[in-house]
Amino acid sequence: MSESIEALRRSVSGRVIAAGDADFAAAARTPLVVADPAVVVQAAGTDDVRAVIGFAASAGLPLAVRGGGHSFAGFGTVDGGVVLDLRAMDEVVLLGGRRVRVGGGARWGEVCAALVPHGLVISSGDTASVGVGGLTLSGGIGWMVRSQGLALDNLAAVELVTAAGDVLVADRERNADLFWAVRGGGGNLGVVTAFEFEAHDGGELTFGRITFPASEAGRVLTGWADQLRGAPEALSSVAKLANPFAGGREAPVELVVAFDGAPADAQRAIDPLRRLGTILADDVSVRAYPDVLEPGGVLPPGFGLNVRDAFVPPHALGAAMTTVAEIAAEEQPAVFSVHALGGAMGRVAADATAFAHRSAAAMITTFVAGPLPVVEAAAPSVARTWDRLAPHVSGAYANFLGGATAADVAAVYPEETARRLAAVKAQYDPHNLFARNHNLAPQLEPVG
């Protein structure tokens, strides 16, 4: 293996880091997962990406592709395999008009900071250090999801390297099947070395948190859901409750609001939420878009996560919110986060992209974080929570899943989407080199 790694060093322009190198441990891990790969390559450009893909394929080693490395399921690194780190490929270039080219290793904080001085924004996630690639390829639910849709809804084109080492451009006219598939297909199709987005005018949001007592959770949560059904699409919001680090069942209920429009319109949209209960705190103000993104962090050694999510269809929204409030009032280990959806995200047809969950009214996520023994001990309680929620939810959002079981993959991709995606994968990755994702085996037989 050492001779092969030395040959790899000679074939790429970027850094090749292996066991024994001073910074190997830092390069090998992601912010959330510690691993022991055979080698990490910090690619300097598309030619390096092609070389690393060829090296992994010829060596028969598993390949992990890393953008920001925030995958809860740990896809950005791999024991005994090859890590292709795109971090150095982080350019943000305005191409004219509102078209923006973003490197496959860029992170959202950098993109936002580059665009806001030009009066432009792209619907992203909620964390500055999250990679553009991982978030966009599986969806992109963030603070403008109701006004501007998912991050992938703003994609105009991608540059992608296939398992065969071909460099392709995919958009609505060129390689249209691939363009359909990368918008929701995660890392299944290849390595996206550049994204082209259509940005939107903007740069500021009316943003902040309104908090209420835990004792009012039921009324606040169901009222919040009712209000968001008819709220302007410019208003996106997340409800958070039962944070174990803020009191668990006694933790305040937080309504995080983000209004993508004029401040006067924002107040008219947000004020009905203020009337839902007894306000403990309210810090809503006009803020620059980069300032609303969380910085992100690194999980300490020995710590772990249990993360799970599902979508709520419109007809089940009231029952789902009632159930969440009931569980949050009990002794249990998870923090609940509920995203209001709909709006621009919901106006896209379910079969227009490989992200199919367009009709969802909300998304429920549970998070448990702490030392590994604590997280492992919490697993039965989390499972019981989802058993209770099961009648009111369906599907799953890949970016907020901590696992990649067959059940997880089936939840992310409805049957027809999965069949179509597997057929496209067979064309571009017939041997499943790109398997570190919510993976679909190539469909080698015709679909019909």
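Helices (H or I, at least four residues) and strands (E, at least two) are taken here as DSSP runs, numbered from the N terminus. By this assignment, T211 has its place in strand 12 (residues 204–212). The model is a predicted one, in which local features need pLDDT of at least 70 and side-chain atom pairs count only at pLDDT 80 or more, while totals for chains, interfaces and linings use all residues. Residues are numbered from 1 along each chain as its sequence is written, and side-chain values use heavy atoms, with hydrogens and water left out.

We may begin with the chain as a whole. It holds 14 helices and 19 strands. The radius of gyration, taken over C-alpha atoms, is 22 Å, which agrees with the value near 22 Å that a compact globule of 448 residues would have; the globule rule behind this is 2.2 Å times the number of residues to the power 0.38. A box of roughly 65 × 50 × 50 Å, taken along the principal axes, is filled by the C-alpha atoms. Of the 448 residues, 55% count as buried, where buried means under 20% relative accessible area, exposed over 50% and partly exposed in between (1.4 Å probe, protein chains only). With contact meaning heavy atoms within 4.5 Å, residues 24 or more positions apart account for 73% of the contacts in the chain with a separation of 6 or more.

The surface and the charges complete this overall view. The accessible surface of the chain comes to about 17300 Å², and 53% of it belongs to carbon and sulfur atoms; areas come from the Shrake-Rupley method with a 1.4 Å probe, and for residues only the protein chains shown count as cover. The chain carries 33 positive and 47 negative charges, whose mean positions are 2 Å apart. In this count Lys and Arg are positive and Asp and Glu negative, without His and the chain ends, and each charge is placed at NZ of Lys, CZ of Arg, CG of Asp or CD of Glu.

Strand pairing comes next, with two strands taken to pair if DSSP finds at least two bridges between them. Strand 10 (residues 191–198) is largely enclosed by the rest of the structure, because 7 of its 8 residues are buried. Strand 6 (residues 99–103) runs antiparallel to strand 10 and is joined to it by 5 bridges, with R99 opposite E198. Strand 8 (residues 155–161) also pairs with strand 10 in the antiparallel sense, over 6 bridges, and here V158 stands opposite F195.

Strand 2 (residues 39–42) runs parallel to strand 4 and is joined to it by 4 bridges, with Q42 facing D85. Strand 3 (residues 63–66) likewise pairs with strand 4 in the parallel sense over 4 bridges, and the partner of V65 there is L84.

Returning to T211, this residue is buried, with a relative accessible area of 11%. Leaving aside neighbours within four places in sequence, T211 is in contact with P252, V253, E254, T278, I279, L280 and A281. D282 is found in strand 15 (residues 281–282) and is partly exposed at a relative accessible area of 35%. Not counting residues up to four places away in sequence, D282 touches R209, I210 and R274. D282 and S359 are 77 residues apart in sequence and 31 Å apart in space, C-alpha to C-alpha.

In helix 8 (residues 217–230) lies Q227, which is partly exposed, with a relative accessible area of 34%. Beyond its neighbours within four places in sequence, Q227 is in contact with P272, L273 and L276. The C-alpha atoms of Q227 and L276 are 9.6 Å apart in space, for residues 49 apart in sequence.

N175 has a positive phi of about 50 degrees although it is not a glycine. N175 sits in the loop between strand 9 (167–170) and helix 7 (176–182) and is partly exposed, at 29% relative accessible area. A242, not a glycine either, has a positive phi of about 65 degrees. The loop that holds A242 lies between strand 13 (235–241) and strand 14 (253–259), and A242 counts as buried at 2% relative accessibility.
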